[in-house]
Amino acid sequence: MFHFLGKTHIPHEKHTAGMPAVRMPSPAEVLIPLSQHIGAPATALVKAGDAVKVGQKIAEAGGFVSSPIYAPISGTVGKDESVLISAGRKVPAIRIVSDGQMAVAETVTPPDIHDFDSFRRAVQESGLVGLGGAGFPTAVKLDAEKKGLLNTVVINGAECEPYITSDTRTMIDRAEDVKAGVELLMKHLSADRYVIGIEKNKPEAIAKMQETFADNDKFSVAVLPDTYPQGGEKILIYNTTGRVVPKGKLPADVGVLVINVTSLAFLGQYAKTGMPLVEKCVTVDGPAVADPKNVIVPIGTPIIDVLNFVGVEEGKIAKILYGGPMMGVSVYSAKDPVLKTTNALTVFDRKSVKNAETVACIHCGRCVEHCPMGLTPTLFTTFMEKDNKDERAKLLDAENINLCMECGCCSFVCPSKRPLVQNNRLAKAEVREYNARQATLKG
Amino acid sequence: MEKLIISSSPHVKSTLTTRRIMLDVVISLLPACIAGCIIFGWRALLVLAVCTVSSVLAEAGFNLLAKKKQTVGDFSAVVTGLLLGMNLPVEIAVWQCVIGSVFAIVVVKCLFGGLGCNFANPAITGRVFMLIAFTQTAGIAFPTIVDVTASATPLELIGKENAVLPSLLDMFLGVRGGAIGETCILALLVGGIYLIARGIIKPYIPLVFIATVFLFSWMYLGSLNLALYEILAGGLVIGAFFMATDYVTIPITPVGKLVFAFGCGLVTCLIRFFGNYPEGVSFAILLMNIVSPYIEKWTKVRALGGAAK
């Protein structure tokens, strides 16, 4: 019997679900890291003192798995800078000081899309990376088509993280863009089944998608349970198609392309206007936000500008996250920029960041029961206590540590408040190191 | 604005804590404790109080002497003390209660590393220890630990000729011989249902345990009526709801929990029908505690996309 994976009840906190996005005034300056995606950093095309316009390419893809970057505002390029990104590395960044004009570059024209190759090129040139948060360059995903692997496209509209509603608003307010995006895929991919997964706590979005695609028999809406983590890639694939992505394989290996609904809406709009990825709809919410909003923000805008626009009291800010509370990443400084992958800024006050004390594991099994991937987090903890690093890595690998997607269910449900995901992250890094070491030994 | 707090995800946690779980277990035991005091009189309260207080003091004392972090605040010692007291006959000597509690807490739990590290249920092991250590103690107010009040326990009566069993209703309400907290099935069920409703225990563990005992008894005794006595008598209900569900000492995997519950039921019947003791629940749970790590190993959850094991 089929039953949905992912069953952790987490308070939804979707206060902004009914709020269409508002555009914030363009910021005085932006700071654009050249690494906002998985893969090689982009290489700068502009230097200090250059004048740039909105939509002008300022950095070129730095490799095959990479993505170009465009100016989100018009103005003058400042001197070279670097910024500490959440991965803990310093990466080069371009600062643009606004001229207040928001003049659009002449190069912004609708792309020429007539076959798969030109479509892929356009996707690459658009600067699109997975907007669900992972930041994988979308064009690279499309290559599965070339290998003749794809038969199903799964569109991620689950938006299972608490607070975030930017995808919800995309489905409701930009249904036509989503439709244009789907039509593009239908035209250029051989997949004949399109299914969008939406959690049942978004009835308006479900209705809008059903209505928009009513006459398209290749398209269906899968209503998912409103339990976390429906939006996890492998969980979403299983819950919408029943297919299981084997360990170490990609969705394409089971014939599936997964694309976020906002990514798709962006593609639809890009094909019409040619305006590359220069702005994002960002949900600003959290315990420290009195008046939450969905805001359209130029990429590179300092977070503090966005929070000021929403009216967050500066004195209340204790912790800021890129993304939602389950998988979001702590921001180092409020001056850090909004990125391509930023779909939300979750702001905590001092009171709400306090966590209960970590105590001994009582073996209750909640982590096992709630792991959507069927892993046993307590085993990983036991393994990590072993002294021999190689033995550790082998045991961890045998128990499928690499299947952990760090969704956070185990840590969330743990009554002893143990740092289970944190342990898994450490364990995954060790297994990576071990495998690299083994590869060097063999090579 | 001060410096931002940096931490690793997830940034929110459920409100359920270990302390809260233990508190819920304490709450769930109260109906049966109250029933025990009504049925067996004020001395039942004394036994329960002595066991609970000695358990808490034993843990606090051990932590002090061993220079460990004080853990009595997690209420687990209260649970152990209460459960142990509930499993004792009302006439038991106070000094024996103290020794049993100290054994349960210090030897079974603390010496293994404290809460979460013990491999056997402290209350059950404490009870079994007392059963063995104090059976021969002559001149004390009770002949055997399972044989209490004025009459023999129903389990001893089953199968004996001319024995008059209490009515099934008396069995259900607990008006019969037995340990303080085990006789009033009604009160135990109220507590058990509370734990299930609070999401603390899985209903299938007690259900499978009790159903297994029921089925095997029915098959062996050939009487539906006697099979009903078998599940109402002895420590089955208290064991199934409150001891076979002890997180620490049962398998962590869902299938493992099922196997564990079935095993408990099977061993209980084997002891009851073929062993020297009329009651087998404590021994059954203790035995299954010991094999739990192996059950866990054999019942691993299959990972999504992982190879079959």
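This is a predicted model: local features need pLDDT of at least 70, side-chain atom pairs count only at pLDDT 80 or more; totals for chains, interfaces and linings use all residues.
User: What is the strand order of the open sheet of six strands in chain A?
Analyst: The pairing in this sheet is mixed. Its edge strands, β1 (22-23) and β17 (329-330) of chain A, each pair on one side only. Read from β1, the order in chain A is β1-β15-β14-β18-β16-β17.

User: How many bridges join β14 to β18 in chain A?
Analyst: Strand β14 covers residues 279-285 of chain A, and β18 covers residues 344-348. The two run parallel. A:Asp285 has its bridge partner in β18(A), namely A:Thr346. The number of bridges joining the two strands is three.

User: Which helix packs on this sheet?
Analyst: The helix touches β1, β14, β15 (293-298), β16 (319-322) and β18 of chain A. Its direction makes about 140 degrees with that of β15(A). It spans residues 303-310 of chain A and is α8.

User: What area is buried between chain B and chain A?
Analyst: The contact takes 62 residues from chain A and 41 residues from chain B. Carbon and sulfur atoms give 56% of the buried area. The area itself is about 4,200 Å².

User: Which three residues supply more of the area that chain B buries against chain A than any other three?
Analyst: Together they supply 19% of the area that chain B buries against chain A.

User: How many residue pairs are in polar contact across the interface of chain B and chain A?
Analyst: On the side of chain B that touches chain A, two elements give two or more residues: α1 (18-40) and α12 (254-274) of chain B. That side divides into 19 nonpolar, twelve polar and ten charged residues. Counting pairs with both residues at pLDDT 80 or more, the number in polar contact is 26.

User: How many salt bridges cross the interface of chain B and chain A?
Analyst: The whole structure holds 26 salt bridges over all chains. B:Lys202 forms a salt bridge with A:Glu369, with the closest N and O atoms 3.1 Å apart. Across the interface of chain B and chain A, the count is three.

User: Which residue of chain B meets A:Glu357 in a salt bridge?
Analyst: The pair crosses between chains. A:Glu357 sits in the loop between β18 and α9 (366-370) of chain A. Its partner lies in the loop between α2 (42-65) and α3 (76-86) of chain B. At 2.5 Å, N to O, that partner is B:Lys69.

Methods: Residues are numbered from 1 along each chain as its sequence is written. Chains are lettered from A and ligands numbered from 1 in the order in which they are written. Side-chain values use heavy atoms; hydrogens and water are left out. Two strands pair if DSSP finds at least two bridges between them. Helices (H or I, at least four residues) and strands (E, at least two) are DSSP runs, numbered from the N terminus. Contact means heavy atoms within 4.5 Å. Axes are lines fitted to C-alpha atoms, for helices over the stretch in contact, and angles run from 0 to 180 degrees between N-to-C directions. Buried area is the accessible area (1.4 Å probe) that two parts lose on being put together, summed over both. A salt bridge is a side-chain nitrogen of Lys or Arg within 4 Å of a carboxyl oxygen of Asp or Glu. A polar contact is a pair of N or O atoms within 3.5 Å; within protein, one must be able to donate a hydrogen and the other to accept it, and residues adjacent in sequence count only if both atoms are side-chain atoms. Ala, Val, Leu, Ile, Met, Phe, Trp, Tyr, Cys and Pro count as nonpolar, Asp, Glu, Lys and Arg as charged, and the others, Gly among them, as polar.
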